[in-house]
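Hi,

Here is the structure I promised to pass on. My notes follow below it.

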Amino acid sequence: MAQHQPIRKTTPPSGSDIPDKLYFRIGEVAKLCDVPAYVLRFWESEFPQLKPHKGGTGQRLYRRRDVEMALRIKSLLYNEGYTIPGARQVFKGELRQREPQLALTIEGAPTSIDSRQLRKLHKDLRDLHTLLSKSPARPTVHPIRAPRTSNTPRQTPERLFNLPLLPEEDKS
């Protein structure tokens, strides 16, 4: 009986064999992974982890982590014999096994929470909310001049300032 041979005879490039570039085009990634470009496009539809950016012209631009992900997918499918759903399960399992994110600590902050301070803060916030929720007692827009009353006679400019009129000068 014949022995099974790997599909590809060349060894895939490792992470250190990837050129030090910011972006890679799909053709470059296809050469690095030793698969046709249409396979990479298919993998993009099957693996949400593989999401290259598309430039203004619509061309796929892979970053280094995208290239590493494509190499990992190829290794799982071609070398380790996983099916596409099986490779997806491997990625889900790896995602679950990652360590949880460390808690953010602020230097100088008390490590324990004082319940009295928390209640006081809660009360202050409720009071502030009540204060801000009330409608204003007086209008926020103030008139420029006082409103006229109907019994106040309208003043003429002479009476307005209570200044005597100047005598007319002699025109001689």
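Contact here means heavy atoms within 4.5 Å. This is a predicted model, in which local features need pLDDT of at least 70 and side-chain atom pairs count only at pLDDT 80 or more, while totals for chains, interfaces and linings use all residues. Residues are numbered from 1 along each chain as its sequence is written, and side-chain values use heavy atoms, with hydrogens and water left out.

Let me start with arginine 60, which sits in strand β3 (residues 60-62); strands are DSSP runs of E with at least two residues, and helices are runs of H or I with at least four, numbered from the N terminus. Beyond its neighbours within four places in sequence, arginine 60 is in contact with Phe24, Arg25, Ile26, Arg41, Glu44, Pro52, His53 and Lys54.

On confidence, pLDDT is the predictor's own score for each residue, from 0 to 100. The chain averages 78, and 63% of the residues score at least 70.

Finally, leucine 131 lies in helix α5 (residues 115-133). Leucine 131 counts as exposed because its relative accessibility is 58%, and exposed means over 50% relative accessible area, buried under 20% and partly exposed in between (1.4 Å probe, protein chains only). Of the 172 residues of the chain, 18% count as buried.

Best wishes
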